[in-house]
Amino acid sequence: MAGGHAHTHGPPARDPHTGEDLVRVSALARNALTAFLVLAAAATVFGLVRYWPGDAKTSQKVAASDFAAPGVTFPVATVRSVLPLCPADAGGTPTGEGDGQGSGQQGGSVTCGALTVALEEAPDRSVPVSVPPAISTSGLQPGDRVQLLRIPAKDGNPESYSFLQVQRGAPLVLMFGLFVVVVAFVARLKGLLALVGLGFGGVIVVSFMLPALLAGTPGLVVALIGSSAIMFVVLYLAHGLSIRTSTALAGTLFGVGITAVLGLVAVDAARLSGVANDEAATLASFVQTLSPRELLTCAIIVAGLGVLNDVTITQSSAVWELRAAAPSMGRVELFRSGMRIGRDHIASTIYTIVFAYAGAALPVLLLLFIYERPVLDLLQTESLAEEIVRTLASAIGLVLAVPVTTAIAALTVGGDQPSRDVVPARIEPLPRPGHADTAAAWGPPLTRADARARARSR
């Protein structure tokens, strides 16, 4: 890039807030990078305004999918006692029907493997509730809170209660609070800013992406707009408004684009329906305007955002630190050095992606393993094929984002101009001892080692 070199004068200055080296950047590359990001930001804002779902339209979609029959309520109750497991349940064999109720009942009274609860709306009233065997063995104790499903009396039948779920708000809040404290203690301000960015990402997902999908907006469009908006705010908020961060953002947007293209092609080529589990099937039956395949494409793009951001910001920072440590290094060598770091990061990140998805799909893997079908047949099932496509599309986008981010960073930082803090390749021989003009010829010592060498030569 002729004419784009930035001359350095002396050791790199340091940012008074972060302590990082301030590296001079190429004016031409900086302007090109800024223009690209301005266009990307403008497109993102236009997309948010254009496809932001209206409240009336969203509420209509949600209201059309009733969760329960009219009159059904969901009261909260406190556990008073936990009855011992039924003999069959103790051995791990479910005794109930398909609804998961595996408790013994005789004459309408629960005899084993169930809970006695007190309704919060009527504390003096005790209600026996049957629970699935897995819930009975989860460690429920008196004092725990559960949510029930109440069916009102109808056609001569008395009202009835059934178990719905455990109220887990307290432990979840405790874990989140511990997470915030640990992040603040270790990462300090950057960690807290990252948490704020995470909150913004949640707002985009809940306020824009989910309603837009329910409103019938194509999943690819929703994913690209939402991912771009999240990355712009998260990166600049956590890492500061700088060319270094802009370089990582450009690499991230490139990786998102690659992942989107690969996800779209793979979903079509593999003939994936997007309905691989009960939740997806239920959603597809409730929301007729939502295409399960569009939803799957959106999920593939969003799933790789976190690890993609991690890789690009690391590569950008690595190139910046290399330039600060070696101002005379050429751009080609700078790129090669950055890629040596990037290859190590790629190797470790691939394991992270694969095992993260494997852990999430572990129950499916176990269930399919029990069937004793050939491995090739198992890999072609809808459930596993979705995870494979999701993993490979994210991994390919991540791997390709590394050289792109490294190249952008190497072109953006200043050229191979020498700096005074670089040791010269050729060292002149010391004058002979006793020379009359030694001090004048040498000039002031540059380093402590230089001063000691002069003292020994006298």
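**Exercise 1. Determine which helices the buried residues of helix 11 pack against, and which residues of helix 11 are buried.**

Solution. In this predicted model, the buried residues of helix 11 pack against helix 9, helix 10 and helix 14. The buried positions are Arg-331, Leu-334, Ser-337, Gly-338, Met-339, Gly-342, His-345, Ile-346, Thr-349, Ile-353 and Tyr-357.

**Exercise 2. Classify Val-354 as buried, partly exposed or exposed.**

Solution. First, locate the residue: Val-354 belongs to helix 11, which covers residues 331-360. Second, apply the cut-offs: buried is under 20% relative accessible area and exposed is over 50%. Val-354 has 39% relative accessibility and therefore counts as partly exposed. Finally, its C-alpha atom is separated by 8.8 Å from that of Ile-388, 34 residues apart along the chain.

**Exercise 3. Describe the largest nonpolar core and the contacts of Leu-249.**

Solution. Begin with the members: the core holds 42 residues, of which Leu-37, Phe-208 and Leu-249 touch the most other members. The elements giving two or more residues to this core include helix 1 (27-51), helix 5 (169-214), helix 7 (243-269) and helix 11. Helix 6 provides the largest share, 10 residues. Then examine Leu-249: leaving aside neighbours within four places in sequence, Leu-249 is in contact with Leu-37, Met-231, Phe-232, Leu-235 and Tyr-236. Apart from this core lies another, of 15 residues, including Val-79, Ile-135, Val-146 and Tyr-161.

Notes. Residues are numbered from 1 along each chain as its sequence is written. This is a predicted model: local features need pLDDT of at least 70, side-chain atom pairs count only at pLDDT 80 or more; totals for chains, interfaces and linings use all residues. Side-chain values use heavy atoms; hydrogens and water are left out. Helices (H or I, at least four residues) and strands (E, at least two) are DSSP runs, numbered from the N terminus. Buried means under 20% relative accessible area, exposed over 50%, partly exposed in between (1.4 Å probe, protein chains only). A nonpolar core is a set of buried Ala, Val, Leu, Ile, Met, Phe, Trp, Tyr and Cys residues joined through side-chain atoms within 4.5 Å. Contact means heavy atoms within 4.5 Å.
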